[in-house]
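Here is a short briefing to read alongside the model. Have the sequence and the 3D view ready, and follow along strand by strand.

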Amino acid sequence: MRIIGGEYRSRLIGMPKGVEIRPTQDRVRESIFNILQDLNNKTVLELFAGSGAFGIEAISRGASYVTFVDNNSRCVETIRKNLDSLDIINAKYDIIKANALSVLPRLEKTDGRFDIVFLDPPYYKGLAKKCLINIDSYDILSRIGLVMVEHFRKDELPVDLKTLIVEKERRYGDTVITLYRKIA
């Protein structure tokens, strides 16, 4: 897989071996970053990080800090190797081996808030909906916070959240990207 924009454009990153993940297609990833536009000095949380492609792309495009979360040891090791291969300094990221749902209370206790949360859970398990409900329950978003959800077209996502509203939705075959914005 290649980084598609920014400082590390065209550089390759590895995929975890022996792990069933569904990498985001280049055209979908490019569309996401076109929607987000300016990532300079943004803090990013990538849940279900897999290879870390989204977070690495965010760093490449100017994000100041990325927190990668995945519960699979092989994915965590792959993220670390990908960051090392690009010589990205440790001060720009954190890697947490944890379940995406259980890590949110811990993240709420930290001082920082995330400007962008990228959520790409496995399809067909209802995890996108559960994660959104939990993100809505914990104070982890900055005042300009966005949550970008990649999900299967038949997944029903909540629209009656307390702190988040749907801003945009884009379809790419069976894949849908839904953008939630924090209510000020």
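A crossover is right-handed if, with the strands pointing away from the viewer, the path from the first strand over the helix to the second runs clockwise. Helices (H or I, at least four residues) and strands (E, at least two) are DSSP runs, numbered from the N terminus. This is a predicted model, where local features need pLDDT of at least 70 and side-chain atom pairs count only at pLDDT 80 or more, while totals for chains, interfaces and linings use all residues. Residues are numbered from 1 along each chain as its sequence is written, and side-chain values use heavy atoms, with hydrogens and water left out.

**Crossovers**
- Strand 2, helix 3 (residues 73–85) and strand 3 form a right-handed β-α-β unit.
- Strand 1, helix 2 (residues 53–60) and strand 2 form a right-handed β-α-β unit.

**Strand pairing** (at least two DSSP bridges between two strands)
- Strand 1 (residues 43–47) and strand 2 run parallel, joined by 5 bridges; here Thr43 stands opposite Tyr65.
- Strand 2 and strand 3 (residues 93–97) also run parallel, with 5 bridges between them; Phe68 faces Ile95 across this pair.

- Of the 6 residues in strand 2 (residues 65–70), 5 are buried, meaning under 20% relative accessible area with a 1.4 Å probe, protein chains only (exposed is over 50%, partly exposed in between).
- Thr67 lies in strand 2 and counts as buried because its relative accessibility is 6%.
- Leaving aside residues up to four places away in sequence, Thr67 touches Val44, Leu45, Glu46, Asp94, Ile96 and Phe114, where contact means heavy atoms within 4.5 Å.
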